[in-house]
Amino acid sequence: MTDVVLSTERLFKSFGALKATNDVSLDLRKGEIHALIGPNGAGKSTLIQQITGHLASDSGTVRLMDEDLTGVGSAERARRGLGRTFQISSLAMEHTVLQNAVLGALGQRGNVMSFFKPVMKDAQLVSAAKAALAQVGLAEFAATRTADLSHGQRRQLEVAVALTLKPKAFLMDEPMAGLGLEGAQQMIGLLTELRKEAPILLIEHDMDAVFALADRISVLVYGEVIATGTPEEIKVNPEIRRAYLGDEVPA
Amino acid sequence: MTRETWINVAALAVLLGVPLWALMADEPFIITLATRAAIFALAGVGLNLALGTGGLVSLGHAAFFGIGGYAMGILASHAQSYAPIMEAPFLIEGTKSMPVIWLVAMVTSALAALAIGALSLRTSGVYFIMITLAFGQMIYYFAISWPAYGGEDGLSIYVRNEFPGLNTLVPMQFFGLCFAILCLALLLMNAIHKSAFGLALSAARQNETRVLSVGLKPYHLRLVAFVISGAVTGLAGALFADLNRFVSPTMLSWQMSGEIIIFIIIGGVGRLFGPVIGAMIFILLEHTLGGLSEFWHVYLGALLLGIVLFAKGGVIGALAGREKAHD
């Protein structure tokens, strides 16, 4: 089990009578893309928020490289190596693309209480930021105001900012959401490369993308993981087809 | 140079040129007006870090302005009566030295900002506005009901405090001092705006989740900004009290907080020189329209309305366009 990077153990979360997360144990292993699928309201986003520390779990633990993250705040979890992208792009819109990436590099460095040195002249930060932008294909947009980017480019920038954190694991909440066919293809190419840097826990509705990318798939229904397996295993699992994929999907 | 830089240089030139002309024309009152504008601008420059860069609409900055004022009033009144402020456990005497007074004004208002900010910054939006207002009012009523330093009547100082090498009683020399401090504060804010701290603070205003998810804490960024902001506004308060040789609870009133916000809105929220231009226009209106009617605030209100409706970036925004993201 030494190749497990991120794991949850018996995670619970209820909102009143609603069990949003019900006994979820998952792991994310080195070099893989582990996709989390499930119908709307299955608790995927709740689970991601529990992992990133934006929501406190009722019980259970989250571990990153064997470190227990219980009681650790979301900012600290990010610093310890959880790189997150959001379902709805979450960027500083008035800043340039480069400034957003530099902000990530700054978070990775940790020390932000510097008041006199111009941050955009800090060679170390800027080169880390530019490398991340180049990796997602946004190098030529470095000086563009983020609000002027297209939707797809903002999704790419989200990934670039997560990259600057040099994360141990990526958590990606629907990176394909709202992308056209071409954009989705580009993103699939990017994520394929990215898993070499750090494994990806991927929430995605685009089934073509999931089956193209994932090494393993977990299916979440009503807060419970009903199955985990390779794409082939998931495709032929009759229970899942009934619960989620729909019976009419050909095997 | 960008257009905004030209506007900034022009603003400084006017602020310096008017009193120089007044000196030649022997119009000392105009010099006093310019000094008032420079001091108000400094108070606004302080608030602008919290309000403009940090997005923290504080309706309680008169607290720091007034605390700075009272720091000057209390120290100077003890110096003029030769009665020490306290004797046990150690002796603290009053002083007439401006640098010492400024230091005390900045430290006390920074400490007040730390306490008020630590509590207020747990809230946001309208609640933040209301809680800073509440703290401001608490200090206002405390000053009114504290008889030791004049209570409601305030505290008069007979002679302006001293600065080594200058005769501060000469209006032009005191103006020069205030103008130099304003320039230093602008340099400081310019550096902060371009620093790592400034980038993160501004990002926290635009998108708090983004800052959290790169591992930085918006609360800490905002608290530090609030403390620096309070200290600069407190320094302005000490200068303002010295200009008038008088400090009273009026400096702590919520109308004062509102005026500091107005300087920023007129000039341009988040623009380095926004409060400078705003304070100059405010003083100009107060002087010209105030001579026509004591209800000149009606015109100020109309101007504000016009800016909020038609020129959200204030005067600088209208003249220079959208702020260029610096590289």
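Reader: How many residues of chain B are in contact with residues of chain A?
Author: This is a predicted model, in which local features need pLDDT of at least 70 and side-chain atom pairs count only at pLDDT 80 or more, while totals for chains, interfaces and linings use all residues. Residues are numbered from 1 along each chain as its sequence is written, with chains lettered from A and ligands numbered from 1 in the order in which they are written. Contact requires C-beta atoms, placed from the backbone, within 7 Å. On the chain A side there are 32 residues, and on the chain B side 23.

Reader: Which helix gives the most to the side of chain B that touches chain A?
Author: Helices here are DSSP runs (H or I, at least four residues), numbered from the N terminus. H6 (171–194), H7 (196–206) and H8 (208–213) of chain B each supply at least two residues of that side. The most, 6 residues, comes from H7(B).

Reader: Which residues of chain A is Ala200(B) in contact with?
Author: Neighbours within four places in sequence are left aside. Within chain B, the contacts are Val211(B), Leu216(B) and Leu221(B). In chain A they are Leu103(A), Leu106(A) and Val112(A).

Reader: What span does H6(B) reach from its first C-alpha to its last?
Author: The expected span is 1.5 Å times one less than the number of residues. H6(B) has 24 residues, for which 34 Å is expected. The model comes close to this, at 35 Å.

Reader: Which helices do the buried residues of H6(B) pack against?
Author: A buried residue has 20 or more other C-beta atoms within 10 Å of its own C-beta, placed from the backbone. In H6(B) these include Phe174(B), Leu182(B) and Met189(B). The partners, in chain B, are H1 (3–25), H2, H7 and H9 (218–244).

Terms used: Two residues are in contact if their C-beta atoms, placed from the backbone, lie within 7 Å. A residue is buried if 20 or more other C-beta atoms lie within 10 Å of its own, exposed if 12 or fewer, and partly exposed in between; C-beta atoms are placed from the backbone.
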